[in-house]
Amino acid sequence: MNNRRDDARLTVARHAARLFLDNGLGETSGAEIAAASGLSERTVWRYFASKESCVEPLFLSTALRFHTKLRQWPRNVSIDAHLHECCRLDDATPQDMIDGILVVRLLTRMEAEPALRAVWLSASHQVEQDMIGIIADRLDRSKKDFDVRLCAATVAAAMRLIDETISIAAIEHGQQFTTEQIAQEMAQAIRKASTLPICDPITPNVFGVPSHSSP
């Protein structure tokens, strides 16, 4: 049941994103979102608290797809090498790519549509919570540790900034990026933002306390 609900929410998010991009947030009604999604307006409001929040599942799905890659990050591999390998073995579906383009276009509208920025920041907070688990697992530390939570916050902020910067460069300035370039920029941002030694290979010592190898 939850999977069907999540799928329905993501479908609404895609239609809402297109309507926001075509008509503007202020000119789009809940009834129009419902009609485009093939749902009743009552159902849409059961799924979402506001019309702008309708696009949050789209933000989350693209971000958490990247986090799936991070969860597969071997401890003996650097962040740079891992993201390069992820690009080489990229398994993005056509729908993933369409969703990514929608997100990129939405991010460039945030200055004109502050309500969209609020939704983006809410989604980014959820991404930060997910990042706590990734860092804690990599370092064999508790998710409650302040240092782990601080590192997750700075890394999540860096990832958000890269997403926004690349989106604006692509849409507003016509710059083109390969997946390898995006991966490189993301790896560098994560490396710069990390307040714990997570970016290089992790080698547990005989006392069970992880350490990282020298660069």
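Guide: We take a helix pair first, then one serine. The model is predicted.

Visitor: At what angle do helix α5 and helix α9 pack?

Guide: Helix α5 spans residues 79-88 and helix α9 spans residues 179-193. They pack at about 155 degrees, with axes 9 Å apart. Angles over 145 degrees count as roughly antiparallel, so α5 is roughly antiparallel to α9.

Visitor: Is the crossing of α5 and α9 left-handed or right-handed?

Guide: The crossing is right-handed.

Visitor: Which residues of α5 and α9 meet?

Guide: From α5 come Ile79, Asp80, Leu83 and Cys87. From α9 come Thr179, Glu180, Ala183, Met186, Ala187, Ile190 and Arg191. By class, this contact has 7 nonpolar, 1 polar and 3 charged residues.

Visitor: Now the serine. Where is Ser61 found?

Guide: Ser61 sits in helix α4, residues 56-71.

Visitor: How does Ser61 count by relative accessibility?

Guide: Buried means under 20%, and exposed means over 50%. Ser61 has 25% relative accessibility, so it counts as partly exposed.

Visitor: What does the side chain of Ser61 reach?

Guide: The Ser61 side chain reaches the backbone oxygen of Leu58, at 3.1 Å.

Visitor: Leaving aside neighbours within four places in sequence, which residues are in contact with Ser61?

Guide: With those neighbours set aside, Ser61 is in contact with Leu10 and Asp99. Ser61 and Gly100 are 39 residues apart in sequence, and their C-alpha atoms are 9.3 Å apart in space.

Key
Residues are numbered from 1 along each chain as its sequence is written. This is a predicted model: local features need pLDDT of at least 70, side-chain atom pairs count only at pLDDT 80 or more; totals for chains, interfaces and linings use all residues. Side-chain values use heavy atoms; hydrogens and water are left out. Axes are lines fitted to C-alpha atoms, for helices over the stretch in contact, and angles run from 0 to 180 degrees between N-to-C directions. Helices (H or I, at least four residues) and strands (E, at least two) are DSSP runs, numbered from the N terminus. Angles under 35 degrees count as roughly parallel, over 145 as roughly antiparallel, 65 to 115 as roughly perpendicular and the rest as oblique. A crossing is left-handed if the near helix is turned anticlockwise from the far one by less than a right angle, and right-handed if clockwise. Contact means heavy atoms within 4.5 Å. Ala, Val, Leu, Ile, Met, Phe, Trp, Tyr, Cys and Pro count as nonpolar, Asp, Glu, Lys and Arg as charged, and the others, Gly among them, as polar. Buried means under 20% relative accessible area, exposed over 50%, partly exposed in between (1.4 Å probe, protein chains only). A polar contact is a pair of N or O atoms within 3.5 Å; within protein, one must be able to donate a hydrogen and the other to accept it, and residues adjacent in sequence count only if both atoms are side-chain atoms.
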